[in-house]
Amino acid sequence: QKNMCVFKFKEFIFITLFIVSLCSQAAAYTDTKSSGGITVAAEGAVVQKMAGGLAVVKMVAPSISIKISNYNSVDKNVQLKLTNISPKKYKAEPENIKITEKGTRYVTYSLAIKAGGTKEISIFPALKNPDKFTFAVIGDSRTGSYTLKPIVHQKILREVAKSDAVFAISVGDIVNDPTPAGYDYFLKEISGFPLPHFSVPGNHDTDGVQGRDNYLTYIGPVNYSFSLGKFNFILLDNSNGTLYDSQLSFLENELTKNKNNIVFMHKPPFCPVEKLKAHVMDSNYVIKYFMDLMKKYKVRMVFSGHVHGYAHSRVNGTECIITACAGSFPYMLPTEGGYYNYVLVSVDGDRASAKVYKVIVGFGQ
């Protein structure tokens, strides 16, 4: 009985910490770190490293702002390395910041900051019209070193890179194995992808005791939002099969801020393919509550994955799109949407339209 009590207590602590981590992020993601009298405060980005005058910052939104403050009594030079960016499609304000290095997915700026001074930088897509852009949605690549998964995923990444998209969002299950090795493999696989890549976690990304921690370490935050143009993008974590009360409150609060909202999560609220209706969120109550919010606030689109294939339906004016076959084997028949795919969304002012692209993989690819 004593051992059982210890087990139950440990189980309670684990579940409590799990829920706290699940619901800890809100609204636009912010992060701040300090080292050697230098403080970097970022909105829409994660401050990954600060050491020896180098600050490494990873974008988790397509439009970010960074404030670097020098609290030393002498002038300092700071090297700001931005990752998960497209140097070709993004620009910085002010424009005269010195670039010391850039690659496919990173750029390094050199900043001279006077003692007690602060410099602010904004990064955003270099668009002719800031309200007109394209982004990609990819689901269930389940990256691994076997079967067709990496072949399909890499082909999709190449096709998206050739499009007009300025960023991509995955609706989860980016890895098959949520270990450090699994996430390293995924990051190597997208190392040549020349666009920012954002994600919500899927059940395969957070499996096990360390899965969620590994996702947060290697990929980024959960339950947050960002804006671009006239649209608000809301990224939710329902990898555990549900949305908790705090998440639903966060969601509703976000929906009140903008009339043009797009929601992203892994498990869908429903599936139009009858035989796969079990592959949705666990709670009928949560599903109804969620869909009532979509109706109340006239949400434009909901993207999800998990059900391997492509499905599209319109419910009370909201487009509900499942794109979940960027490497994982299809669950559906081809006539039902069971084919490898990704989606491109074109935004123009208050309008947004989605188009699915079938991916054919042959020998030699």
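A cavity is a set of points, on a 1 Å grid over the protein atoms alone, where a 1.4 Å probe fits but cannot get out. A pocket is an open set with protein on both sides within 12 Å along at least five of seven lines, and lining residues have an atom within 4 Å of a point. Points are joined across faces, edges and corners, and a volume is the space filled by probe spheres set on them.

What you have open is a predicted model, where local features need pLDDT of at least 70, side-chain atom pairs count only at pLDDT 80 or more, and totals for chains, interfaces and linings use all residues. Residues are numbered from 1 along each chain as its sequence is written, and side-chain values use heavy atoms, with hydrogens and water left out.

**Stop one: the cavity**

The structure holds one cavity of 30 Å³ or more. Select P268, P269, F270, P272, V302, S304, A311, H312, S313, C320, I321 and I322 to see the lining of the largest cavity. Now colour β17 (301-304), β18 (310-315) and β19 (318-323), the elements that give two or more residues to that lining. (Strands are DSSP runs of E, at least two residues; helices are runs of H or I, at least four; both are numbered from the N terminus.) About 70 Å³ of space lies inside the largest cavity. Its lining has nine nonpolar, three polar and no charged residues. Here Ala, Val, Leu, Ile, Met, Phe, Trp, Tyr, Cys and Pro count as nonpolar, Asp, Glu, Lys and Arg as charged, and the others, Gly among them, as polar.

**Stop two: the largest pocket**

Next, pick K58, T83, N84, R105 and L187, which lie nearest the centre of the largest pocket among its 23 lining residues. The volume is about 430 Å³. At least two lining residues come from each of β4 (54-59), β6 (76-83), α3 (180-189), β13 (197-199) and α5 (208-218). By class, that lining splits into 13 nonpolar, seven polar and three charged residues.

Stay on R105, in the loop between β8 (98-102) and β9 (106-113). Is R105 buried or exposed? R105 has 12% relative accessibility, so it counts as buried (under 20% relative accessible area; exposed is over 50%, partly exposed in between, with a 1.4 Å probe and protein chains only). Show its contacts (heavy atoms within 4.5 Å): leaving out residues up to four places away in sequence, R105 touches L82, T83, N84, I85, I190, S191, G192, F193, L195 and H197.

**Stop three: rings**

Rings of Phe, Tyr and Trp (its six-membered ring) pair if their centres lie within 6.5 Å; planes under 30 degrees apart are stacked, over 60 edge-to-face, the rest tilted. The count comes to 17 aromatic pairs. Select Y183 and Y215: their centres are 6.3 Å apart and their planes at 70°, so this pair is edge-to-face. Y183 sits in helix α3 and Y215 in helix α5, 32 residues apart. Y183 is buried at 0%, and Y215 counts as buried at 1%.

For a stacked pair, jump to F226 and F233, 5.0 Å centre to centre with 20° between the planes.

**Last stop: charges over rings**

Find K81, whose charged end sits over the ring of Y106, 4.6 Å from its centre. (The rule: NZ of Lys or CZ of Arg within 6 Å of the ring centre and within 35 degrees of the ring normal.) Finish at K358, which lies over the face of Y339, 4.7 Å from the ring centre.
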